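Hi everyone, thanks for making time. Let me put the structure up and then walk you through a few parts of it.

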Amino acid sequence: MTDWQWFIIDILQAFAAGLLVGGTYGLMCVGLGIIFGVMRVVNFAHGDFMMLGMYAAYYLVTGFGVLAFLGPYVAPIVGALLAGPIVFAIGWVLHRFLIANVTGARVVSAEAEGHYAQIILTLGIALVLANGGLILFGSLPISVQTPLSRESWAIGEVLLNKARTVSFFIAVAVAILLYMFLTRTSLGKALRAAADNPIAAAYVGVDVDRAHRLAFGLGVGITAIAGGLIASSQSFQPYIGFDFVIVMYAGVVLGGMGSILGAFWGGLTIGLVQQMSTLVLPYQLQNTAIFVVFLLIIFFRPQGMFGRVWERT
Amino acid sequence: MGVVRILPVLAMASAVLIAPTPSVAQSEVKVGLIAPMSGPWARQGDLMVKGANLAIDDINKAGGIKSLGGAKLKLMVFDAGDSVEKAKNAAQRMVAQEPDLIGATGAWLSSFTLGVTEVTERVELPVLTLSYSDQITARGFKFVFQTSPTGGAQSVSTLPALVRMAEAATGKKPASVAIISDNTAAPMSFAKPMREGGIEKLGMKLPVDEIFTPPLSDCTPLIQKVRSSRPDFLLLLPTAISDDKLCLEKMHEFGLGRGRVPVISNGAHIGAPDLLKNLGKDLLEGVMTVVANWGAKGQDDIIKSFVAATGEPWITQDSISTYGDMMIFKEALEKAGVADRRKVAEAIRAMDTTTGPAHYFPGNRIKFDENGRRVGADVVIVQWQNGVPLTVYPPTSAVAEPIWPKK
């Protein structure tokens, strides 16, 4: 094969990697998009909920082997999907007893809409989850064992990692389902109303606290599914959340505050920029490239790619 | 009671308060261990603690420090965390909270050791380190002792050994090598002499030379470059197990694994039991790593007792080096005859032995030069063979023959 042919393959391979990695980033961003983009709750613990999703998938598939009967190809996928409801429940409880005190209708008139208290509280939750994880799960890097992570489908000379490809399609499907839930069901509409204007929503009979709790649970649960999917490709330990939280916030802002689809595109864009920038820039500048593109988009479109004009970043 | 009568009482009381408390000092001597106990490198810190605890148990069971009347060693562990900033803060806490430490070992990651030793040097606390970076002992510090060969020295002695190994197996000299490394201090130190002419001097080309910031999110573009350039071997130099997994799995996925492109790494993480759990033995077969220390020929006793005491399947560099560090402190305390950090540092500086602690380091000699580098420190090459990382180089320490793929 000539150098030119290899060069074209390099480009296609980086594009494929960016798309597949970006799909999972997109799902993470959708999760945060509900909490930060729609509800406007600053959640610094979001990466740590993703970490919980990873451990939930690990224990279901490899640790306790509850899903081992499904085999090494199906079990990791089911494990990742089940991580969602598990972390949803944790998020629900945490919101009920802690986060509800600094969000929703009761902080509408508070300074900065309660954001200062949210930052401190969620930062505290992040520390408790990461360090609690260290005590509970240990410091050993682990991963969900599956042959999917080391096999690929070939399209000509371009190889698509099976675990990443499956994760990508699941991420797209979950994001679409969530979008339909939020836009087509009355519960979803109530949830958006409670997020947009809690007081007005309460006047029309929406249980704002419950809606916020549901949104928070959904947000962390969806990010946990993304974490469960990543757990097949990447080894992790309790501190992994921090590596992803910046990417998630950048994705949500890039996509446009308040837009669920925008959050997905934001995550996807980050994945593509992260992987494709290595074709022209030193690998070390991978994450710098993300933020250069981020700043450029925000410069030319302050509302993000899909944000509403009045909701500037 | 008159003032005259009170004075002797006050004098006695102040004498008691001011005078050193020999009984306390001699019953217990504190040694510090500062290493990552949280964050992505926590496992390596854990392995260091296991090595240190075993050594301290062995020392204390054998009667403690005899020149101090049988004083027992006590390990004080400090978490260096996951950043240089945290490591430095931990060092500050260590020297403030434990002013009677006689020495310390740490801090695993070279970047952390560089930060930690800036603090310990100011209070003249001797620090033994297994970290690789050349910088650690190139700053004119007097209280840092590097038991490992520096990254630069490792690279200088490793590359010709690898070329010889390849030539012996394939019958021809390798023509090209690829380097993929992260940007932490140790891999940068290791790769520097190679990048700056070492590879060229051996008549080889360097078609791929990539540096990344850990942790990786995906390894595809990196390994794609190896796939399109097909070097004769790959120097894969990450420091985190998550990056090892991503890269080695990608090698396998792209049809470059299992020796099609031989992989040589640097550091103990590639030989850690955790990697076996994450990757399985098939993907690791034949992968080599260059380390400063490993369980070797003639160390059966320590390996057996380590396995029995900790449940670990084998002893890695992090554990055996830290075990050896405790033995160096013991030897220094015996020589110094006093639990004083400066005297202990002096004793380490004056040490020249091929017995005792020397048994736990390749080259079997403990002597430090004026920069604090161990004289005669040599590299060890370890290779995964049938699910176990075995020492294959140097021949004096090797427990197995190296296998170089003939394809």
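In chain B, the C-alpha centres of domain 1 and domain 2 lie 31 Å apart. Keep in mind as we go that this is a predicted model. The domain assignment gives domain 1 of chain B as 11-149 + 297-367, and domain 2 as 152-291 + 380-393. Where they meet, domain 1 of chain B puts in 20 residues and domain 2 of chain B puts in 21. On the domain 1 side, H3, H5 and helix H13 (317-336) of chain B each supply at least two residues, and H5(B) has the largest share, with three. By class, that side has eight nonpolar, eight polar and four charged residues.

Now have a look at helix H7 of chain B, residues 185-201. What covers them? Just past the end of H7(B), Gly203(B) takes a positive phi of about 75°.

Next, the two chains together. Here 32 residues of chain B are in contact with 33 residues of chain A. On the chain B side, the elements giving two or more residues are helix H3 (42-61), strand E7 (205-212), helix H8 (220-229), helix H9 (241-253) and helix H10 (273-279). Which of them gives the largest share? That's H9(B), with seven residues. By class, the chain B side has 11 nonpolar, 11 polar and 10 charged residues.

Last up, chain A. It has 11 helices and two strands, and along the sequence the pattern goes α-α-α-α-β-β-α-α-α-α-α-α-α. Its C-alpha atoms fill a box of roughly 70 × 50 × 35 Å along the principal axes. For 313 residues, a compact globule would have a radius of gyration near 20 Å, and chain A has 20 Å, so that agrees. Of those 313 residues, 56% count as buried. And of the contacts in chain A with a separation of 6 or more, 77% are between residues 24 or more positions apart.

Definitions and conventions: Residues numbered from 1 in each chain as written. Chains lettered and ligands numbered in written order. Predicted model: local features only at pLDDT ≥ 70, side-chain atom pairs only at ≥ 80, totals over all residues. Contact = placed C-beta atoms within 7 Å. Helix = DSSP H or I, 4+ residues; strand = E, 2+ residues; numbered from the N terminus. Nonpolar A, V, L, I, M, F, W, Y, C, P; charged D, E, K, R; others polar. Rg over C-alpha atoms; globule rule 2.2 N^0.38 Å. Buried ≥ 20, exposed ≤ 12 C-beta atoms within 10 Å, placed from the backbone. Expected span 1.5 Å × (residues − 1). Domains from an automatic or database assignment.
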